[in-house]
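Okay, thanks for coming, everyone. Let me put the structure up and then walk you through it.

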Amino acid sequence: MSVTTYYLEMTDPQELNAKPCPEGLSVVEAEEKEFRFNRYLYQLVGEPWQWTDKLKWPDREWQDYAERDALRIWVAYYRGAIAGYFELEQQPNGDVQIAYFGLAPRFIGRGFGGHLLSCAIEQAWKWAPCKRVWVHTCTLDHDSALGNYQARGMAIYRTDTEE
């Protein structure tokens with residue numbers, strides 16, 4: 001089975017087509033860094049989409065990854081339950097990557113993804129100096145993933161297909 005990866009970018013914050021916040025949803029930055037929380041979110045959100053590469057990491061590798069100054073995470077809560085999250089990674093060239101983004105399985109299809117992505121893009125632009133926000137998704141992700149990125153104003157700048 002072939003997998004196509006789409007690389008998308010936004011080069012101007014004015015390009016954001018933000019989606020309003022659904023009632024009852026809140027998005028909060030996890031300012032206290034705790035690698036176990038990152039690992040939990042990665043597994044909770046990524047399991048249906050085969051995010052498995054980091055699951056074999058030992059604690060030290062998770063800690064080195066998650067507790068860096070160049071990585072920040074936000075968590076979406078709905079009525080006290082974790083609805084999704086995103087990780088932003090600041091890169092030395094002034095880009096900010098949406099490193100991970102997604103909803104917990106029980107919250108897919110409830111209209112939360114557009115707002116959560118809007119928050120991710122807004123927070124990326126606020127993380128100065130940000131010259132560009134970028135992300136990649138692939139055909140293994142949810143069918144609506146690519147459309148959500150494009151609907152928020154991100155544009156494809158590269159595609160790769162692996163057989």
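This is a predicted model: local features need pLDDT of at least 70, side-chain atom pairs count only at pLDDT 80 or more; totals for chains, interfaces and linings use all residues.

Residues are numbered from 1 along each chain as its sequence is written, and side-chain values use heavy atoms, with hydrogens and water left out.

Back to Ala99. Is this residue buried or exposed? Its relative accessible area is 16%, so Ala99 is buried; the cut-offs are under 20% for buried, over 50% for exposed and partly exposed in between, with a 1.4 Å probe and protein chains only. Leaving out residues up to four places away in sequence, Ala99 touches Tyr65, Glu87 and Glu89, where touching, or contact, means heavy atoms within 4.5 Å. Leu117 is 18 residues from Ala99 in sequence, and their C-alpha atoms are 12 Å apart.

Now the core. In soluble globular proteins, nonpolar side chains tend to be buried together. Here, the largest nonpolar core has 32 residues; a core is a set of buried Ala, Val, Leu, Ile, Met, Phe, Trp, Tyr and Cys residues joined through side-chain atoms within 4.5 Å. Those with the most contacts inside this core are Phe86, Leu88, Ile98, Ile121, Tyr149 and Met154. Two or more residues each come from β1, β3, β4, β5, α3, β6 and α4. Which of them gives the largest share? That's α3, with 7 residues. Take Tyr149 as one example: setting aside neighbours within four places in sequence, Tyr149 is in contact with Leu8, Phe101, Leu117, Val135, Thr137 and Met154. And apart from this core lies another one, of 16 residues, including Leu41, Val45, Trp51 and Ala66.

Next, β1, residues 3-10. This strand is mostly covered, with 7 of its 8 residues buried. Which way does β1 run against β7, residues 155-162? Antiparallel, with 7 bridges joining the two; I'm calling strands paired if DSSP finds at least two bridges between them. In that pairing, Val3 stands opposite Glu162. β1 also pairs with β6, again in the antiparallel sense, over 6 bridges, and there Tyr6 has Thr137 as its bridge partner.

On to the helix α1. It has 12 residues and reaches 16 Å from first C-alpha to last, close to the 16 Å expected, the expected span being 1.5 Å times one less than the number of residues. Phe35, Asn38, Leu41, Tyr42, Val45 and Gly46 are the buried ones in α1. Why do they line one face? Looking down the axis of α1, they fall within an arc of 120°, so they line one face of the helix; that arc is taken from the directions from the helix axis to the C-beta atoms. An α-helix has 3.6 residues a turn, so residues three or four places apart point the same way. The cover over the buried residues of α1 includes α2, β3, β4 and β5.

Gln50 lies between α1 and α2, and has a positive phi of about 65° although it is not a glycine. At 54% relative accessibility, Gln50 counts as exposed. Arg79, in the loop between β3 and β4, has phi near 50°, also positive in a residue other than glycine, and at 72% relative accessibility Arg79 counts as exposed. Then there's the peptide bond from Ala128 to Pro129, which is cis, with omega near -5°; Pro129 is in the loop between α3 and β6.

One more loop residue: Leu140, between β6 and α4. Leu140 touches Met1, Val3, Trp49 and Gln50, again not counting residues up to four places away. Trp49 is 91 residues from Leu140 along the chain, yet their C-alpha atoms are separated by 6.1 Å.

Last, cysteines. How many disulfides does the structure hold? It holds 0, taking a disulfide as a pair of cysteine sulfur atoms within 2.5 Å. For Cys130, the nearest cysteine sulfur is that of Cys119, 15 Å away.

Definitions and conventions
Helices (H or I, at least four residues) and strands (E, at least two) are DSSP runs, numbered from the N terminus.
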